[in-house]
Amino acid sequence: MNKQTKRVFNFGAGPGVLPTEVLEIARDDLLSWHGLGYSIMEIGHRTPEFAAMATNSENDLKTLLNLPDNYQIIFMQGGATLQFSMIAMNFLKPGLTADYFNTGIWSRKAYNEAKRYGQINVVTEVPDAKPVAIPEKSQWQLDKNAAYAHLCLNETIDGVEFHDVPDTAEVPLIADVSSCFLARELNISKFGMIYAGAQKNAGCAGITMIIIRDDLLVEPIPTTPTLLSYKTQAENHSMYNTPAMFSWYISGLVFKWMLQQGGVQAMAEQNRRKAKKLYDFIDQSEFYYNSVDLNSRSNVNIPFLLRDEALNPAFLKQADAAGLVNLKGHRLVGGMRASLYNAMPETGVDALIDFMDDFARKYHGI
């Protein structure tokens, strides 16, 4: 007897919601992929079947990104966090310095890892004040001789986003784009390299996409493990060792799903619309508030707080019962957080707003 499953909207920051269509295909492929009689998780990574899947997914990603010819795509394990040290190992040679934008928790983690390898210049830092805001460009301290400049384009925890890509002139710009990857349009030529963990908009946890310009495929510092060389990874087409095969497969399905939805442009338009709906509701409310400056607000990770924090447990319990799950804010920020990734339908945002409105009416004045 089949049980009817209630509709659940997953607002988790990561691993985030996946398209239902992708999950259904993966379910059907799990026991026998392409009629082979065994699973995608059991196939050899050097077989013709896997090679074809890898090539197709890479080509689909190139299409989604409108990728220039002088960039390579690398699929790696280790998440975006591994890139924090890998970037320094590959580019922060002895005697060189690097620029870091410290605009939130993730960019500061990247900075703390990089400074183990060399001298780091902090371009700008978000002050510990409300509203949270990225400082004006006039306050930035860029070093024209830096080996590279690094930033986190969208801070998942803090709900802070660069809506304009900083101009670092001749200094290669490297960006952690994990939470806004394929959720907004990017001119890749403005970057020397971008990287993203898949588990927000591009698949499931276990694989990271690195898009890197050809001239940055250089020899790393001599003590760098072979596996952590971008040059080695690119030369071996991401298969120097066994890759995260199932995660790569899921990402390939997500890329095809996105192309069917109209690509990155369609995703970006939908994400702007979803975010505006939720921010408009929060801003008109006397019960909820958002503490990020209007010009620095994220379109994909929206933190919000109840003015009466004693009601937080009741809010989360009742939201969960209503099928609105994983809304608890990060432990370092508190409150609530709604992550509106590509696979979150607009109906999910509508359901959240309706619930928030009903909850506020129920508890207003208590």
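## Close-up views of a predicted model

E58 counts as partly exposed, with a relative accessibility of 22%. Please keep in mind, as you look through these views, that the model is predicted. The partner of E58 in a salt bridge is K62, and their closest N and O atoms are 3.8 Å apart. Both residues belong to helix α2 (residues 48-65), where they are four residues apart and so separated by about one helical turn. K62 is partly exposed too, at 32% relative accessibility.

Because they are four residues apart in helix α5, about one helical turn separates E235 from K231. How accessible is E235, buried or exposed? E235 counts as exposed, with 51% relative accessibility. K231, at 23%, counts as partly exposed.

**Q233, a buried residue of helix α5.** Helix α5 covers residues 230-235, and Q233 is part of this helix. Q233 has a relative accessibility of 2%; buried means under 20%, so Q233 counts as buried. Which residues is Q233 in contact with, once its neighbours within four places in sequence are left aside? They are I74, M76, L227 and S238.

**R116 and E113, side chains that meet in a salt bridge.** The N to O distance between R116 and E113 is 2.7 Å. R116 is exposed, with a relative accessible area of 60%, while E113 counts as partly exposed at 22% relative accessibility.

How many salt bridges does a search of the whole structure find? The search finds 14.

A disulfide is a covalent bond between the sulfur atoms of two cysteines. A search of the whole structure finds zero disulfides. For C152, the nearest cysteine sulfur is that of C180, 7.4 Å away, and C152 is in no disulfide. C152 counts as buried, at 3% relative accessibility. C204 is likewise in no disulfide, and the nearest cysteine sulfur, again that of C180, is 19 Å away. With a relative accessible area of 19%, C204 is buried.

**The largest cavity, with a volume of about 30 Å³**. Rolling a probe the size of a water molecule over the atoms shows where empty space is left. A search of the whole structure finds one cavity of 30 Å³ or more. Which residues line the largest cavity? To find the lining, begin with V17, L18 and P19, then move to K200, N201, A202 and G203, and finish with V254, W257, N342 and A343. What kinds of residues make up this lining? Seven of the lining residues are nonpolar, three are polar and one is charged.

Conventions
Residues are numbered from 1 along each chain as its sequence is written. This is a predicted model: local features need pLDDT of at least 70, side-chain atom pairs count only at pLDDT 80 or more; totals for chains, interfaces and linings use all residues. Side-chain values use heavy atoms; hydrogens and water are left out. A disulfide is a pair of cysteine sulfur atoms within 2.5 Å. Buried means under 20% relative accessible area, exposed over 50%, partly exposed in between (1.4 Å probe, protein chains only). Helices (H or I, at least four residues) and strands (E, at least two) are DSSP runs, numbered from the N terminus. Contact means heavy atoms within 4.5 Å. On a 1 Å grid over the protein atoms alone, a cavity is a set of points where a 1.4 Å probe fits but cannot get out, and a pocket is an open set with protein on both sides within 12 Å along at least five of seven lines; lining residues have an atom within 4 Å of a point. Grid points are joined across faces, edges and corners, and a volume is the space filled by probe spheres set on the points. Ala, Val, Leu, Ile, Met, Phe, Trp, Tyr, Cys and Pro count as nonpolar, Asp, Glu, Lys and Arg as charged, and the others, Gly among them, as polar. A salt bridge is a side-chain nitrogen of Lys or Arg within 4 Å of a carboxyl oxygen of Asp or Glu.
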